[in-house]
Amino acid sequence: MPLPRLRAAVDGLTSYQPTDGVYGPECLRPLSANESAHGPLAPIVAAMAEASLDINRYPDPGCAKLTQALARRHGVGQDQVLVGGGSVALLQALFQAVAEPGAEVVYAWRSFELYPVLADLAGICSVRAPLTGEAHDLDAMSDRITDATRLVLICNPNNPTGTVVAGQALRAFLDRVTPTCLVAFDEAYFEYVSEPSACSGLQLCDAYPNLVVLRTFSKAYGLAGLRVGYLVGAGDLVTQLRKACLAYAVNSVAQHAALAALGVEDELLRQVAATVAERDRVRNTLLAKGWDVPNGQGNFLWLRLSEDAGAFGRWCAGAGIAVRVFGGEGVRVSIGAAPDNDTFLTAANEWRAQAVGVPVSGVTGRCGA
Ligand SMILES: *Cc1c(COP(=O)(O)O)cnc(C)c1O
């Protein structure tokens with residue numbers, strides 16, 4: 001029987017492949033999806049429990065309370081904040097909003113693996129600018145902007161390499177982009193940035209009305225399972241983009257939990273600071289063992305293993321740790337709780353020992369041990 005006819009673009013898509021061993025019966029420690037290692041704080045659990053009592057009702061489609069709290073938090077107007085069912089839903093809305101025939105999107109590569117999928121789904125042509133030294137090459141990106149470019153994405157810090165763009169470079173780049181071209185900074189990991197030269201797009205939205213900044217509750221705020229993110233931009237632009245989002249897309253439990261998370265933000269940001277300290281410890285340990293590790297500013301680190309990426313991923317799985325493999329390119333490892341990071345470091349040390357012939361120290365932690 002022939003299948004119903006779908007768009008040809010669907011044939012070309014590959015469905016998202018979660019890392020092996022994380023969702024199945026195996027017991028790998030998940031350092032593969034950049035999640036927070038911390039479970040929800042008590043006030044967040046309480047807010048979820050309370051919200052669940054009204055689950056027969058639709059959620060507030062405008063996310064009024066959360067929007068108000070986010071506007072206050074960032075010192076912007078409520079008309080400048082748009083909440084979505086995860087920041088990837090907002091990214092999809094951006095793609096949908098600009099997807100005219102012939103439209104192009106410019107982004108760096110390697111970057112967030114969802115960008116090409118969203119482009120293909122929306123029927124937008126992807127134009128990729130290669131990274132330089134694992135970081136965005138903004139000259140290469142502006143060289144690729146044409147009259148057909150409707151959207152430019154900058155993932156800052158970049159997933160999966162972790163590098164950040166300096167604030168001055170961002171401003172110089174925005175000065176070169178025509179104001180009719182939408183620019184989105186994907187700042188899913190910005191809370192983890194400690195590099196002083198970095199600058200959030202939230203500081204630039206007033207000066208550049210074609211800029212939107214995407215943030216999420218999935219990483220630093222530890223609510224990945226609830227799917228809530230938001231964007232900030234100029235009021236007129238956000239009003240237009242709001243129309244490109246489905247009503248009721250952010251469920252009521254998520255809205256209340258995110259609001260509660262903002263209420264305990266100090267505690268959450270202390271957890272973030274601890275993760276940043278762990279990140280620096282893991283990176284310094286790897287550097288000391290001879291690994292080449294970019295200055296990762298998210299809650300993850302990047303190892304460009306090239307053709308060894310797959311084998312290293314299996315090696316880590318053998319040690320009980322799931323990492324994210326980008327076949328033929330590299331491996332991204334999330335920063336988790338210290339014992340999991342230590343298990344990873346031991347595995348990485350042993351890998352290098354067998355590959356390079358340096359002596360091994362320490363014992364590999366095994367699954368369940
Ligand atoms: C994790 C991540 C997101 C967050 O997506 P949500 O839908 O908010 O969970 C967005 N962008 C990048 C680059 C990410 O890595």
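# Talking through a protein chain

Visitor: For contacts between residues at least 6 apart in sequence, what share joins residues at least 24 apart?
Guide: In the protein chain, 71% of those contacts join residues at least 24 apart. Keep in mind that this is a predicted model.

Visitor: Okay, predicted. What's the average pLDDT, then?
Guide: The protein chain averages 94, and 96% of the residues score at least 70. Over residues 361–369, though, the pLDDT is below 50. In the model, that stretch has 18 contacts beyond near neighbours in sequence.

Visitor: How many helices and strands am I looking at?
Guide: The protein chain has twelve helices and eleven strands.

Visitor: And the overall form? What radius of gyration does the protein chain have?
Guide: The protein chain has 21 Å, and a compact globule with 369 residues would have a value near 21 Å, so the two agree. Taken along the principal axes, the box filled by the C-alpha atoms is roughly 60 × 60 × 50 Å.

Visitor: What percentage of the residues is buried?
Guide: Buried residues account for 52% of the 369 in the protein chain.

Visitor: Let's switch to backbone geometry. Which residues does a cis peptide bond join, with omega about 0 degrees?
Guide: That bond joins Asn156 and Pro157. Pro157 sits in the loop between β5 (149–155) and α7 (167–176).

Visitor: And which pair has a cis peptide bond with omega about 15 degrees?
Guide: That one joins Asn159 and Pro160. You'll find Pro160 in the loop between β5 and α7.

Visitor: What about phi of Asn34?
Guide: Phi of Asn34 is near 60 degrees, which is a positive value in a residue other than glycine. Asn34 is in the loop between β1 (29–31) and α2 (42–52).

Visitor: Is Asn34 buried or exposed?
Guide: Buried, because its relative accessible area is 0% and anything under 20% gets that label.

Visitor: Where does Cys63 lie?
Guide: Cys63 is in the loop between α2 and α3 (64–74). Cys63 is not a glycine, yet its phi is positive, at about 45 degrees. With 2% relative accessibility, Cys63 counts as buried.

Visitor: Back to the helices. Where is Ser252, and what does it contact beyond its neighbours within four places in sequence?
Guide: Ser252 is in helix α9, residues 252–263. Leaving out those neighbours, Ser252 contacts Ala51, Ile55 and Pro59.

Visitor: Why does Ser252 count as buried?
Guide: Ser252 counts as buried because its relative accessibility is 12%, which is under the 20% cut-off.

Visitor: Gly133 next: buried or exposed?
Guide: Gly133 counts as exposed, at 67% relative accessibility. Its place is in the loop between β4 (125–130) and α6 (138–143).

Visitor: How far apart are Gly133 and Thr161, C-alpha to C-alpha?
Guide: They are 9.7 Å apart in space and 28 residues apart in sequence.

Visitor: Now a strand. Which residues does Thr216 touch, not counting those up to four places away in sequence?
Guide: Thr216 touches Ser87, Ala188, Glu191, Tyr221, Val228 and Gly229. Thr216 lies in strand β7, residues 211–216, and is buried with a relative accessible area of 3%.

Visitor: Last one: where does Ala348 lie?
Guide: Ala348 is in helix α12, residues 338–356, and is buried at a relative accessible area of 1%. Beyond its neighbours within four places in sequence, Ala348 is in contact with Leu286, Trp291 and Phe312.

Visitor: How far is Ala348 from Gln168?
Guide: Ala348 and Gln168 are 36 Å apart, C-alpha to C-alpha, and 180 residues apart in sequence.

How values were computed: Residues numbered from 1 in each chain as written. Predicted model: local features only at pLDDT ≥ 70, side-chain atom pairs only at ≥ 80, totals over all residues. Heavy atoms only, no water. Helix = DSSP H or I, 4+ residues; strand = E, 2+ residues; numbered from the N terminus. Rg over C-alpha atoms; globule rule 2.2 N^0.38 Å. Buried < 20%, exposed > 50% of the residue type's maximum accessible area, 1.4 Å probe, protein only. Contact = heavy atoms within 4.5 Å. pLDDT = per-residue confidence, 0-100.
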